[in-house]
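Visitor: Could you take me through one part of this structure in detail? I'd like a close look at the place where the chains touch, and what packs around there.

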Number of protein chains: 2
Amino acid sequence: MMNKAVGKVIKRLREERGLSQEQLGFETKLHRTYISQLERGLKSPTLNTLATITKVLNISMTEFMKLVENENN
Amino acid sequence: MMNKAVGKVIKRLREERGLSQEQLGFETKLHRTYISQLERGLKSPTLNTLATITKVLNISMTEFMKLVENENN
């Protein structure tokens, strides 16, 4: 399922960068609880929101979607 | 801007497939006016919505994002 895979990839990249949910929330101006919901696959972000997150995580949207689609396979 | 590029790419792919906004709306179960708003860059779709659209347009999310990022460059 798309949301689960998106959440897993956000969480993995966040941890690889050594960021807490709180720090990612601060950098993206999104609430920590929203970050948590995304990571658990409970929400589907808009592309705008995802663009903000991938910018902070320093990955292109294309590379991000590649990771999500690999997760789904 | 992300939404503009997303809209352009949806419109281009839809037209390449010979679909009207109405037909794409029917296939995706989205309202034709919402398709129109997306194509004009007035809305940012959620990833779930985009996944539904790209499925009907027969393109992977990764390939879709590549087109969007090329549009932005």
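Guide: Here is a walk through the contact between the chains and the helices around it. A word on conventions: this is a predicted model, where local features need pLDDT of at least 70 and side-chain atom pairs count only at pLDDT 80 or more, while totals for chains, interfaces and linings use all residues. Residues are numbered from 1 along each chain as its sequence is written, chains are lettered from A and ligands numbered from 1 in the order in which they are written, and side-chain values use heavy atoms, with hydrogens and water left out.

The contact (heavy atoms within 4.5 Å) draws 17 residues from chain A and 17 residues from chain B. About 1500 Å² is buried between the two chains, and carbon and sulfur atoms give 64% of that; buried area is the accessible area (1.4 Å probe) that two parts lose on being put together, summed over both. On the chain A side, Leu47(A), Asn48(A) and Thr62(A) supply 38% of the area buried against chain B, more than any other three residues.

Now for the helices (DSSP runs of H or I, at least four residues, numbered from the N terminus). Helix 5 of chain A, residues 61-72, packs on helix 5 of chain B at about 180°, with axes 8 Å apart; axes are lines fitted to C-alpha atoms over the stretch in contact, and angles run from 0 to 180 degrees between N-to-C directions. That angle makes the pair roughly antiparallel (over 145 degrees). Met61(A), Thr62(A), Met65(A), Lys66(A) and Glu69(A) meet Met61(B), Thr62(B), Met65(B), Lys66(B) and Glu69(B). Even so, the count between chain A and chain B is zero salt bridges (a side-chain nitrogen of Lys or Arg within 4 Å of a carboxyl oxygen of Asp or Glu). Over all chains, a search finds 16 salt bridges.

Within chain B, helix 5 also packs with helix 1 (residues 2-16), at about 120° and with axes 9 Å apart. Among the residues meeting there are Val6(B) and Leu13(B) from helix 1, and Phe64(B) and Leu67(B) from helix 5.

Methods: Helices (H or I, at least four residues) and strands (E, at least two) are DSSP runs, numbered from the N terminus. Angles under 35 degrees count as roughly parallel, over 145 as roughly antiparallel, 65 to 115 as roughly perpendicular and the rest as oblique.
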